[in-house]
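Welcome, and thanks for taking a look at this one with us. Here is a short briefing to read alongside the sequence and the 3D view.

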Amino acid sequence: MGHNEDELPKARRISQKLGMEFIIKLNRKPLFSPIKDNEFVRRESGIGVATRDEFIDIYREPYSPSCYKFWTTPQINWDGKLLGCGCNIWQDYGNVFKTTLKQCLNHKNFIHTKRVLLGKDSVGKEDPCYRCPKYKDLRRIKLKRRNIVINFAGL
Ligand code: SF4
């Protein structure tokens with residue numbers, strides 16, 4: 001964001017010092033605190049882009065890290081409900097406290113949502129993605145298989 005873009009180099013240095021991976025989060029609302037120096041942010045972001053629109057144009061994939069969590073780090077609610085991503089507040093895929101995580105990951109609706117994200121199934125009104133604002137990008141461009149490293153064998 002415009003008010004803290006100058007802190008990118010410092011944040012990178014601190015993450016390196018702490019042995020942490022450095023991943024930036026691009027501004028979700030570009031009109032709020034817009035980027036002041038696009039070239040600087042493109043360089044310092046480490047991914048060559050300054051905005052989410054640029055990300056989509058250059059990488060030809062949606063800027064939707066949350067969706068990938070269905071494969072990489074599925075979100076589990078405090079009460080054990082498997083939600084898949086951090087945006088899903090509409091549907092769960094079973095409860096890992098009542099069954100097993102493996103059973104929840106094999107829930108037919110969980111598999112269906114992954115297929116929706118890849119464009120293999122149509123999205124239905126009952127699906128969480130149908131009501132999620134992030135899904136508008138996915139209607140244009142689907143997730144890329146190459147970014148899905150875990151659990152993909154299930155599809
Ligand atoms: S589009 Fe679907 S998977 Fe992606 S963040 Fe929204 S609810 Fe989650």
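Which domains does the domain assignment of the protein give? There is domain 1, covering 5-59, and domain 2, covering 66-147. Please keep in mind that this is a predicted model, with a pLDDT that averages 87 over the protein.

**Domains**
- Taken over C-alpha atoms, the centres of domain 1 and domain 2 are 27 Å apart.

**Confidence**
- A pLDDT of at least 70 is reached by 90% of the residues.
- Among the elements, strand β2 (residues 82-84) has the highest mean pLDDT, at 97, while helix α8 (residues 135-140) has the lowest, at 76.

**Around the ligand**
- The ligand is surrounded by 14 residues, and the closest are Cys67, Cys85, Cys87, Cys129 and Cys132.
- By residue class, the shell around the ligand holds ten nonpolar residues, three polar ones and one charged one.
- Helices α4 (65-68), α7 (128-131) and α8 each contribute at least two residues to that shell.
- Helix α8, then, is both a supplier of shell residues and the element with the lowest mean pLDDT.

**Helix α6**
- Phe110, Thr113, Lys114, Val116 and Leu117 are the buried residues of helix α6, which spans residues 108-117.
- After α6 comes Gly119, which has a positive phi, near 80°.

Methods: Residues numbered from 1 in each chain as written. Predicted model: local features only at pLDDT ≥ 70, side-chain atom pairs only at ≥ 80, totals over all residues. pLDDT = per-residue confidence, 0-100. Helix = DSSP H or I, 4+ residues; strand = E, 2+ residues; numbered from the N terminus. Buried ≥ 20, exposed ≤ 12 C-beta atoms within 10 Å, placed from the backbone. Near = placed C-beta within 6 Å. Nonpolar A, V, L, I, M, F, W, Y, C, P; charged D, E, K, R; others polar. Domains from an automatic or database assignment.
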